[in-house]
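Good morning, and thank you for joining. I would ask you to look at the structure on the screen, after which I shall go through its features in turn.

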Amino acid sequence: KLQGEVEVLEGVERSTRRAMSELLDTLGRLSRYEEFLEGVVEVSDFAEVTDVLHRFWTMNGTNQDLRGFLGEGNGLIEDTRAHLATYGKEKEDEVMIGGAEISQLKKKLEGLR
């Protein structure tokens with residue numbers, strides 16, 4: 001019974017060591033970003049790293065909003081272009097019909113003279 005508990009505890013220890021190793025790797029990767037942000041704070045008007053991060057999230061949100069507005073605007077432009085093309089075709093047809101009517105009326109007028 002004791003041997004089984006020892007094996008279970010050894011398994012737990014191995015998985016804990018693996019998790020700790022992964023966390024240390026993550027910490028190492030993230031420390032580069034921390035150093036970068038601290039450098040940004042040193043050469044800018046930001047007082048703390050959190051100010052830089054807040055500014056980033058604000059700008060990122062604004063960028064997403066602007067992209068959404070741009071998409072909506074582009075959709076509106078496409079709809080307007082389609083409407084304008086249809087309107088132009090309708091008016092062109094009306095002009096052609098009007099021209100034909102004028103031609104017929106001219107022939108009729110010449111026949112009356």
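Let me begin with Glu-42, which is placed in helix H1, residues 2–43. Helices here are DSSP runs of H or I with at least four residues, strands are runs of E with at least two, and both are numbered from the N terminus. Please note that this is a predicted model, in which local features need pLDDT of at least 70 and side-chain atom pairs count only at pLDDT 80 or more, while totals for chains, interfaces and linings use all residues. Residues are numbered from 1 along each chain as its sequence is written, and side-chain values use heavy atoms, with hydrogens and water left out.

Is Glu-42 buried or exposed? Glu-42 is exposed, at a relative accessible area of 69%. By convention, buried means under 20% relative accessible area, exposed means over 50%, and partly exposed lies in between, with a 1.4 Å probe and protein chains only. The areas themselves come from the Shrake-Rupley method with a 1.4 Å probe, and for residues only the protein chains shown count as cover.

A patch takes residues with over 30% relative accessible area and no salt bridge, joining like charges within 9 Å and nonpolar side chains (Val, Leu, Ile, Met, Phe, Trp, Tyr) within 5 Å. A nonpolar patch of about 320 Å² is made by Met-20, Leu-24 and Leu-27; of these residues, Met-20 lies in helix H1.

I turn to the chain as a whole. The protein chain has two helices and zero strands. Its radius of gyration is 37 Å, well over the 13 Å that the globule rule gives for 113 residues, so the chain is more spread out than a compact globule. That radius is taken over C-alpha atoms, and the rule is 2.2 Å times the number of residues to the power 0.38. Along the principal axes, the C-alpha trace spans about 125 × 50 × 15 Å.

How much of the chain is buried? Buried residues account for 3% of the 113 residues. The accessible surface of the chain is about 10400 Å², and carbon and sulfur atoms hold 60% of that surface.

As to charge, the chain carries 15 positive and 23 negative charges, whose mean positions are 13 Å apart. Lys and Arg count as positive, Asp and Glu as negative, and His and the chain ends are not counted. Each charge is placed at NZ of Lys, CZ of Arg, CG of Asp or CD of Glu.

Finally, the structure holds four salt bridges, each defined as a side-chain nitrogen of Lys or Arg within 4 Å of a carboxyl oxygen of Asp or Glu. One of them joins Glu-13 to Arg-17, with the closest N and O atoms 2.9 Å apart. These two residues of helix H1 are four residues apart, a separation of about one helical turn. Glu-13 is partly exposed at 39%, whereas Arg-17 is exposed at 53%.

In helix H2, residues 49–112, Asp-93 and Lys-89 are likewise four residues apart, about one helical turn. Their side chains meet in a salt bridge at 3.5 Å, N to O. Asp-93 is partly exposed at 31%, as is Lys-89 at 45%.

Helix H2 also contains Glu-94 and Lys-91, three residues apart, whose salt bridge is 3.2 Å, N to O.
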